[in-house]
Structures are given as structure tokens and as C-alpha cells.
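Hello,

I am passing a structure on to you, with some notes on what turned up in it. Please have a look when you get a moment.

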Amino acid sequence: MSLKSRTLKYIENHGEVAKGDMQRLVAEKTSYTPENVGRRLRELENEGKLKVRYIKGYAFYSPVPRESYLNERLWELLQ
């Protein structure tokens, strides 16, 4: 399973997660770098699968309901 899909699954199961916590967790448990985790989080946000909010400069990622981004993707394909 790719880092991207593992990251999405983790956040879907745990709710809102701080970027720094996610980077530490992945660095401790895998050979991936914190920078790699950051890129995957941004990609998931750009794809509409995660939403991000910033509090005092810190990023917190939370899942977007699966139906929401599937409906958006379907709408894009129909255009």
C-alpha cells in the first residue's frame, strides 16, 4: 500500500490530525521522510480528499466525506 493511501486511510479513521504529528508518526514507523508525508498530504488536499485548516501557522488535516469528492469527480467528468 502506498504512503498516500495509508495516509488517507489513517486520517479517515482518526479524524483531524496535525501535519507534524503525521510526519513524526510516519518517520518513526517507516522509512519515509517527513517531507514525503507533507507532499502526500498536499496532494490529497489538492485532490479534494482532505481539507486543511491552519491554526497559528500549524496545518491540521481532516477527511472529506468520500461521497463529496466522488460526486465532484463525477461532475468534472461530465463537463
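Lys4 is partly exposed, with a relative accessibility of 22%; buried here means under 20% relative accessible area, exposed over 50%, and partly exposed in between (1.4 Å probe, protein chains only). Before going on, please note that this is a predicted model, where local features need pLDDT of at least 70, side-chain atom pairs count only at pLDDT 80 or more, and totals for chains, interfaces and linings use all residues. Residues are numbered from 1 along each chain as its sequence is written, and side-chain values use heavy atoms, with hydrogens and water left out.

Back to Lys4: its partner in a salt bridge is Glu47, and the closest N and O atoms are 2.5 Å apart. The term stands for a side-chain nitrogen of Lys or Arg within 4 Å of a carboxyl oxygen of Asp or Glu. Lys4 belongs to helix α1 (residues 3-14) and Glu47 to the loop between α3 (34-46) and β2, so this pair ties together parts that are 43 residues apart in sequence. Helices (H or I, at least four residues) and strands (E, at least two) are DSSP runs, numbered from the N terminus. Glu47 is itself partly exposed, at 37% relative accessible area.

Glu47 also meets the side chain of Lys49 in a salt bridge, at 3.4 Å from N to O. Lys49 is partly exposed too, with a relative accessible area of 23%. Salt bridges with shared partners join Lys4, Arg40, Glu43, Glu47 and Lys49 into one network. Within helix α3, Arg40 and Glu43 are three residues apart, about one helical turn, and they form a salt bridge whose closest N and O atoms are 2.9 Å apart. Arg40 is buried, at 17% relative accessible area, whereas Glu43 is partly exposed at 30%. In the whole structure, the search finds six salt bridges.

Now for the strands. β2 (residues 50-55) pairs with β3 in the antiparallel sense over six bridges; two strands count as paired if DSSP finds at least two bridges between them. Tyr54 stands opposite Ala59 of β3. Two residues lie between the strands in the hairpin of β2 and β3, where Lys56 has a positive phi near 50 degrees. β3 (residues 58-63) also pairs with β1 (residues 17-18), again antiparallel, over two bridges. There, Ala18 has Phe60 in β3 as its bridge partner.

Happy viewing, and do write back with any thoughts.

Best wishes
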